[in-house]
Amino acid sequence: MNDFRINAEQIGAAAATLRDGGLVAFPTETVYGLGADATNATAVAKIFDAKDRPRFDPIIVHLADAGDLETVTTHVSPVADLLARSFWPGPLTMVLPRGETIPPIVSAGLPTVGVRVPDHPIATQLIQLADRPIAAPSANRFGRISPTTAAHVSGQLAEHLDGILDGGPCRVGVESTVVDLSGPRPRLLRHGGVTHEQLQEVVGPVEIHRGTQPVDQAAPAPGMLARHYAPNTPIVLVTDPPAEPPGPRAGLLSLTPPGSTDGWARIEVLSETGDLVEATAGFFAALHRLDDAELEQIVAYGFPETGLGVALNNRLERAAARA
Ligand code: TXA
Ligand code: MG
């Protein structure tokens, strides 16, 4: 049962707002996006202002259909074609040579463009009706916790939006995996909803870009700034399950139920059975709840470093980083 509080008419109105250069937040299977007409530089500039996003951080362009890829890139390589057929619609972003329809501001001046086809009926209809590619970063303020519900979006960005489509909670729960295909070999820039293992099953070895160093002069390692996805409450990462809370108002974020619940002011368990798909779907919502619980600190226990656990650990590390 979907909890959609929207209808086709509302999606049509949102699409018209996008065509007029407005900002519309919409659901995708990963997280909510803050959308603007990707072919309209002025509309895209509003995204950077609304999010307080540095102009050096490029934005992903969303298509309704993989068949539209040639409208935003100059070259679809065999690997890009294979990945598109394997993972679209879905949580994979490919970095490809940028086509002339996409103004430089979208890609922070880079000669490339990040593209994906989201797997969500509302996103698909919205992009179809807007009849153009839609630029959309995650709909949070820069560096803050990503939004997986419409309430998360309005909590951070309400005054900047011309509209929001509420499609209920996002199914996947972390952002798309970003793969750079602009060089000689595929390179994974950001872990996300498609795992490294899944990618390698399709295209063979995929190198992982590590660290927070710039990929090139023009851009920082995209989506890879040290501090990101951050709650206001300090967050501490631990490698072993904590035996007891470190202080009186501590919250615990844990994959599975802890051995003891004594003394914790709040506990968020992501999956009773340790299922990483379920844990990923609830991850950002649990962080939002912990951050809203007026705690002195959040203690988070790392995930198994496999499959979606890699994407979750990556976000925890960045949420816990101090600068
Ligand atoms: O799942 C997602 O990808 C969500 C939904 C809304 O689609 N979007 C999202 O966007 O996570 P954002 O802006 O929060 O993160 C996009 C990341 C950025 O860190 C950006 O640097 C990288 O993708 N990216 C975008 N275009 C790029 C490009 N041309 N070259 C390298 N990296 C790029
Ligand atoms: Mg983001």
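Contact here means heavy atoms within 4.5 Å. The views below show a predicted model.

**View 1. Helices α3 and α6 cross at roughly 125 degrees.** Helix α3 spans residues 78-87 and helix α6 spans residues 196-203; their axes come within 10 Å. Angles over 145 degrees count as roughly antiparallel and those from 65 to 115 as roughly perpendicular, so α3 is oblique to α6. The crossing of the two helices is right-handed.

**View 2. Side by side, the residues of α3 and α6 that meet.** From α3 come Val79, Leu82, Leu83, Ser86 and Phe87, and from α6 come Gln198, Leu199, Val202 and Val203. Sorted by class, this contact has seven nonpolar residues, two polar ones and no charged ones.

**View 3. Four strands form an open sheet in the order β11-β14-β12-β13.** The pairing in this sheet is parallel. Strands β11 (235-238) and β13 (266-269) stand at the edges and have a single partner strand each, so one side of each lacks a neighbour in the sheet. From one strand to the next, the twist averages 20 degrees.

**View 4. Strands β12 and β14 run parallel and are joined by four bridges.** Strand β12 covers residues 250-254, and β14 covers residues 297-301. Which residue in β14 is the bridge partner of Gly251? The partner is Ile298.

Technical notes: Residues are numbered from 1 along each chain as its sequence is written. Chains are lettered from A and ligands numbered from 1 in the order in which they are written. This is a predicted model: local features need pLDDT of at least 70, side-chain atom pairs count only at pLDDT 80 or more; totals for chains, interfaces and linings use all residues. Side-chain values use heavy atoms; hydrogens and water are left out. Axes are lines fitted to C-alpha atoms, for helices over the stretch in contact, and angles run from 0 to 180 degrees between N-to-C directions. Angles under 35 degrees count as roughly parallel, over 145 as roughly antiparallel, 65 to 115 as roughly perpendicular and the rest as oblique. A crossing is left-handed if the near helix is turned anticlockwise from the far one by less than a right angle, and right-handed if clockwise. Ala, Val, Leu, Ile, Met, Phe, Trp, Tyr, Cys and Pro count as nonpolar, Asp, Glu, Lys and Arg as charged, and the others, Gly among them, as polar. Two strands pair if DSSP finds at least two bridges between them.
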